[in-house]
Amino acid sequence: MAKAFSAATTAGHCNGENRVPWQRRLEHLLPKTKRKGKVRRPHPSMPYEELPALVAKLTHQNMQQRTDA
């Protein structure tokens, strides 16, 4: 990963400091996470036909939140 960022920086695709070495230093300071329980799987996809109703519902909720604030 560090080589890829270095190459991208050299080619002008990235600006600033390469953060990969910082991640390597921080992994020793941060606590390790323990996964408990079942492995999560992706949620099933929504049928395409139901998408317009969902967008309308979310838009309505968003407009209500804006007027309540």
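Modeller: In this predicted model, pLDDT is the predictor's confidence in each residue, on a scale from 0 to 100. The mean pLDDT of the protein is 78, and 70% of its residues reach 70 or more.

Biologist: Where in the protein is confidence lowest, and where is it highest?

Modeller: Confidence is lowest in α2, with a mean of 62, and highest in α3, with a mean of 91. These elements belong to a protein with 3 helices and 0 strands, running α-α-α from the N terminus on.

Biologist: Why is tyrosine 48 called exposed?

Modeller: A residue counts as exposed when its relative accessible area is over 50%, and tyrosine 48 has a relative accessibility of 67%, so tyrosine 48 counts as exposed. Tyrosine 48 is found in the loop between α2 (20–26) and α3 (51–68).

Biologist: Why is methionine 46 called partly exposed?

Modeller: Buried requires under 20% and exposed requires over 50%, with partly exposed in between; methionine 46 has a relative accessible area of 41%, and therefore is partly exposed. Methionine 46 also lies in the loop between α2 and α3, and, leaving aside its neighbours within four places in sequence, is in contact with Leu51 and Leu54.

Biologist: What makes a nonpolar patch on the surface here, and which residues form it?

Modeller: Nonpolar side chains are joined within 5 Å, provided that each residue has over 30% relative accessible area and no salt bridge. The patch is formed by Met46, Tyr48, Leu51, Leu54, Val55 and Leu58, which together have about 570 Å² of accessible area.

Biologist: How much of the protein counts as buried?

Modeller: Of its 69 residues, 6% count as buried, and the protein exposes about 7500 Å², of which carbon and sulfur atoms supply 57%.

Note on methods: Residues numbered from 1 in each chain as written. Predicted model: local features only at pLDDT ≥ 70, side-chain atom pairs only at ≥ 80, totals over all residues. Heavy atoms only, no water. Patch = residues over 30% accessible without salt bridge, like charges linked within 9 Å, V, L, I, M, F, W, Y side chains within 5 Å. Areas by Shrake-Rupley, 256 points an atom, 1.4 Å probe, with all protein chains shown as cover. Salt bridge = Lys/Arg side-chain N within 4 Å of Asp/Glu carboxyl O. Helix = DSSP H or I, 4+ residues; strand = E, 2+ residues; numbered from the N terminus. Buried < 20%, exposed > 50% of the residue type's maximum accessible area, 1.4 Å probe, protein only. Contact = heavy atoms within 4.5 Å.
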